[in-house]
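Please look over the sequence and the structure before reading on.

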Amino acid sequence: MSSDRIPIHKVEVSAYTIPTDFPESDGTIEWRETTIVIVELHGAGHAGLGYTYAHDAAATLIQKKLKPLLEGADAMNPQRVWDTMVRAVRNIGRPGIASMAISAVDAAVWDLKARALGLPLARLLGQAHDAVPIYGSGGFTSYSIGQLQDQLRGWVEQGIPAVKMKIGRDPEADIQRVHQARQAIGETAELMVDANGAYSRKQALDMAAFFDADGVRWFEEPVSSDDLEGLRLVRDRAPASMEIAAGEYGFTPWYFERMLNAGAVDVLQADCTRCEGITGFLKVGGLCDAHHLLLSGHTAPALHTHVACAIVPLKNLEYFHDHVRIENMLFDGVPQPVKGTLRPDLTRPGMGLELKKADARRWAA
């Protein structure tokens with residue numbers, strides 16, 4: 001076939017809501033289910049797949065606002081399709097649900113292009129790394145000490161050398177929970193904590209000193225990501241060996257640029273399911289390169305594996321319990337950890353993922 005143009009002739013949108021395997025909470029919210037919105041774009045005899053973890057309102061927005069723009073659009077030009085979608089949501093409000101809807105579609109456009117060209121997505125994007133280092137992530141504040149220790153220890157026993165736990169719901173209990181987590185994983189595994197913005201500035205500094213005693217080297221969102229001055233304060237005054245990370249709630253390139261210009265983080269996080277897809281993630285990677293900081297992929301490991309390998313200033317990727325579970329339930333071709341990394345499957349075109357429609361049907365939102 002000619003690779004000059006790949007018109008999109010069919011757009012399919014579906015949403016699935018899947019209960020968690022146990023009630024979950026972090027420092028600020030609680031949840032019992034997760035919704036995934038999946039987009040399939042058809043063109044030139046191929047189907048591209050993308051998704052976002054969002055409210056099912058994102059599916060409605062795609063169906064009613066974006067779908068008419070996508071039909072007939074050229075999947076060979078993802079940037080042009082991305083620009084068209086961004087312009088279309090101006091009066092709706094770009095950050096939030098609109099950006100998450102764009103994220104799912106943009107990933108599907110890139111996947112369709114790669115499949116039509118017979119290339120794994122990592123190769124199409126310009127592969128800089130053979131594999132992505134991962135860290136096991138969960139350790140919810142709703143877990144008992146036994147559940148927390150079992151989960152973190154399990155990842156280390158799988159060969160994943162770093163693990164992250166949630167904190168912030170009960171600051172007094174956090175100190176002991178972190179200490180018990182360290183006892184469970186031993187002295188050599190890396191221990192990371194995530195407060196999801198639950199602490200005040202002074203609280204975060206106080207807690208950082210306690211966590212340093214247990215060898216915590218990653219403190220994620222110690223204060224709200226909206227408080228750039230607070231993040232900068234914690235970054236400047238926390239132990240030198242402790243990295244301050246944030247950025248997972250970013251939707252547009254300007255959000256990340258402001259965070260970087262403020263000197264608010266040691267490691268920037270971005271999420272392909274929120275930051276307007278693969279196109280958006282690549283833009284964030286360029287910003288990190290310009291600021292000499294590393295980029296960490298937030299959750300959705302199956303979606304991030306290929307694009308993360310194309311980011312030169314790459315730190316790691318979050319192997320998040322909820323999303324690992326859902327992706328293995330709904331997709332064939334999900335990359336599995338090998339020696340603490342995820343490797344893109346270079347024998348399959350695109351991201352190599354296929355929706356198991358019969359299995360997914362029971363969870364239709």
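This is a predicted model: local features need pLDDT of at least 70, side-chain atom pairs count only at pLDDT 80 or more; totals for chains, interfaces and linings use all residues.

How do the residues of the lining of the largest cavity divide into nonpolar, polar and charged? They comprise 7 nonpolar, 1 polar and 1 charged.

**The cavity**

- The count of cavities of 30 Å³ or more comes to 1.
- The space in the largest cavity is about 30 Å³.
- Its lining consists of Pro301, Ala302, Tyr319, Val324, Glu327, Asn328, Val334, Pro335 and Leu342.
- Two or more residues of this lining come from each of helix 11 (301–308) and helix 12.
- Helix 12 contributes the most, with 3 residues.

**The largest pocket**

- The volume of the largest pocket is about 600 Å³.
- There are 26 lining residues, and Ile29, Trp31, Thr34, Arg274 and His323 are the closest to the pocket centre.
- Strand 2 (30–43), strand 11 (314–320) and helix 12 (321–330) are the elements that each give two or more residues to this lining.
- Strand 2 supplies the largest share, 5 residues.
- The pocket lining has 7 nonpolar, 10 polar and 9 charged residues.
- Helix 12 gives residues to the lining of the largest pocket and also to that of the largest cavity.

**Helix 3**

- Helix 3 spans residues 97–117, a run of 21 residues.
- From first C-alpha to last, helix 3 reaches 31 Å, close to the 30 Å expected at 1.5 Å a residue.
- Helix 3 is largely enclosed by the rest of the structure, because 19 of its 21 residues are buried.

**Helix 9**

- In helix 9 (residues 253–261), the buried residues are Pro253, Tyr255, Phe256, Met259 and Leu260.
- Viewed down the helix axis, these buried residues fall within an arc of 160 degrees, so they line one face of helix 9.
- An α-helix has 3.6 residues a turn, so residues three or four places apart point the same way.
- The cover over the buried residues of helix 9 includes helix 8 (228–237) and helix 10 (277–291), along with strand 8 (243–246) and strand 9 (267–270).

Definitions and conventions. Residues are numbered from 1 along each chain as its sequence is written. Side-chain values use heavy atoms; hydrogens and water are left out. Buried means under 20% relative accessible area, exposed over 50%, partly exposed in between (1.4 Å probe, protein chains only). Helices (H or I, at least four residues) and strands (E, at least two) are DSSP runs, numbered from the N terminus. The arc is that of the directions from the helix axis to the C-beta atoms. Contact means heavy atoms within 4.5 Å. On a 1 Å grid over the protein atoms alone, a cavity is a set of points where a 1.4 Å probe fits but cannot get out, and a pocket is an open set with protein on both sides within 12 Å along at least five of seven lines; lining residues have an atom within 4 Å of a point. Grid points are joined across faces, edges and corners, and a volume is the space filled by probe spheres set on the points. Ala, Val, Leu, Ile, Met, Phe, Trp, Tyr, Cys and Pro count as nonpolar, Asp, Glu, Lys and Arg as charged, and the others, Gly among them, as polar. The expected span of a helix is 1.5 Å times one less than its number of residues.
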